[in-house]
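Colleague: I'd like to learn how to read helix packing and strand pairing in a model like this. Could you walk me through it?

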Amino acid sequence: MKTRAAVLWAPGEPWSVEEIELDEPQNGEVLVKMTATGLCHSDEHMRDGTNVMQYPFIGGHEGSGVVERIGAGVTDLAPGDHVVFSFIPACGRCRACAKGMSSVCDMGAHIGVGTQISDDTSRHHVRGKDARLMCVVGTFSEHTVVNQASCVKITNDVPLDKAALVGCGVTTGWGSSVYVGKVTAGDTVVVLGMGGVGCGAVQGAAQAGARHVVVVDPSAFKRSEAKRFGATHTAADIEEAQSLLVDLTWGAMADVVVITVGKMSRDLLAPAVNLLGKGGVCVQVSIGDPLEMTVDLSLIGLTSMRKSISGSWYGNANPRSDIPLLLRMYMEGKILLDEMVTKTYVLDEINEAFEDMRAASIIRGMILF
């Protein structure tokens with residue numbers, strides 16, 4: 001079938017919205033008509049060349065839609081089912097999944113390749129060339145073919161346009177506070193960066209009972225939005241946050257720092273760790289340059305203050321359980337999703353949407369199909 005998608009042809013170029021040819025779903029695959037997709041900074045990393053994929057490349061990984069057709073061997077999904085894509089596929093059988101770590105399922109190795117999980121070939125073709133997919137889902141497309149391992153079925157009462165947000169940003173941020181940072185009642189939490197992931201981290205910290213939730217972001221707009229999601233205080237930079245924490249905690253400093261900035265750099269880790277008090281944990285979420293291999297850090301500070309640094313991938317969540325959980329919480333009014341979507345766009349406005357992201361004028365942009 002023919003459909004339309006936003007395609008990258010080289011790093012640094014704008015997205016090109018054009019017609020593509022989409023094959024029928026094969027064994028273990030489904031054809032999904034997209035409803036919505038969020039704009040995540042990870043997609044921007046692909047466009048600006050921070051992370052490089054083979055081209056042509058169809059972006060997007062935070063999406064939701066309705067199953068239209070299924071391939072052979074698909075037993076848990078049927079036409080008409082509503083699904084959210086997990087940007088990390090989960091098989092449920094590998095050692096990581098069996099240990100409750102499906103955010104690092106062995107199938108996740110495929111997201112850096114972008115071909116179909118089942119046979120390493122492509123179902124998406126543009127200008128006669130095979131296209132690679134962001135996180136093997138390629139949600140910047142009106143229709144897409146994905147493996148059933150990337151699909152989480154949800155109930156039909158959940159609005160699909162908001163459900164897309166838990167495919168990446170909300171779950172990653174919420175889990176980074178709750179599962180990785182292990183925020184508990186009375187904690188002081190700092191969230192560096194107030195995008196979609198940061199918004200999830202703020203909500204997770206507030207729900208876990210944090211006494212102080214401090215958002216650090218240079219954008220006045222994002223700081224003004226932070227309090228509606230549970231922030232108690234804001235700061236424009238780390239220096240301001242340092243002074244604020246001294247006053248708030250009588251010098252005890254933060255229990256948890258969650259780094260959710262748009263792009264991580266080696267220069268940020270030490271200042272973030274310096275915001276921690278004794279026994280504090282710094283949760284590193286943000287993606288940086290894969291070639292950046294060293295950081296400057298006080299090792300004696302880690303030892304003598306019993307600080308720790310913990311990596312967070314998908315918030316260490318288990319998407320098949322946590323996506324439905326967060327959506328039920330949303331339906332019960334305990335998680336804010338509607339308020340996260342600052343602006344909606346159509347597919348042809350995708351470059352404008354990313355300009356808004358780079359200008360820090362939105363919390364989360366959403367493309368509606």
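Modeller: Let's start with handedness: a crossing is left-handed if the near helix is turned anticlockwise from the far one by less than a right angle, and right-handed if clockwise. Keep in mind that this is a predicted model.

Colleague: Fine. Which hand does the crossing of α4 and α5 have?

Modeller: Right-handed, for the crossing of α4 and α5.

Colleague: And what else do I need to describe such a pair?

Modeller: Two packed helices are described by the angle between their axes and the distance between the axes. Here, helix α4 (residues 169-180) and helix α5 (residues 196-207) have axes that cross at roughly 40° and come within 6 Å. Angles under 35 degrees count as roughly parallel, so α4 and α5 are oblique to each other.

Colleague: Which residues of α4 and α5 make the contact?

Modeller: On the α4 side you'll find Gly169, Val170, Thr172, Gly173, Trp174, Ser177 and Val178. From α5 come Gly196, Val197, Gly200, Ala201, Gln203, Gly204, Ala205 and Gln207. By type, the residues of this contact between α4 and α5 split into 9 polar, 6 nonpolar and no charged.

Colleague: Is α4 largely enclosed or open, and why?

Modeller: It's largely enclosed by the rest of the structure, because 10 of the 12 residues of α4 are buried. Among the buried ones are Gly169, Trp174, Ser176 and Val180. The buried residues of α4 pack against α5, but also against β15 (254-259), β16 (276-284), β17 (308-311), α10 (319-331) and β19 (364-368).

Colleague: Take Thr171, then. Buried or exposed?

Modeller: Thr171 sits in helix α4. Buried means under 20% relative accessible area, and Thr171 has 1%, so Thr171 is buried. Leaving aside residues up to four places away in sequence, Thr171 touches Val166, Tyr314, Gly315, Ala317, Ile323 and Leu326.

Colleague: What happens just after α4?

Modeller: Look at Lys182, which takes a positive phi of about 50° there.

Colleague: Now for strands. What should I have in mind?

Modeller: In a regular strand the side chains alternate between the two faces of the sheet.

Colleague: Which strands pair with β1, and in what sense?

Modeller: β1 runs antiparallel to strand β2 (residues 16-22), with 6 bridges. Within that pairing, Lys2 has Glu21 of β2 as its bridge partner. β1 also pairs with strand β4 (residues 57-58), again in the antiparallel sense, over 2 bridges. There, Leu8 is bridged to Phe57 of β4.

How values were computed: Residues numbered from 1 in each chain as written. Predicted model: local features only at pLDDT ≥ 70, side-chain atom pairs only at ≥ 80, totals over all residues. Heavy atoms only, no water. Axes fitted to C-alpha atoms, helices over the stretch in contact; angles between N-to-C directions. Helix = DSSP H or I, 4+ residues; strand = E, 2+ residues; numbered from the N terminus. Parallel < 35°, antiparallel > 145°, perpendicular 65-115°, else oblique. Contact = heavy atoms within 4.5 Å. Nonpolar A, V, L, I, M, F, W, Y, C, P; charged D, E, K, R; others polar. Buried < 20%, exposed > 50% of the residue type's maximum accessible area, 1.4 Å probe, protein only. Pairing = 2+ DSSP bridges.
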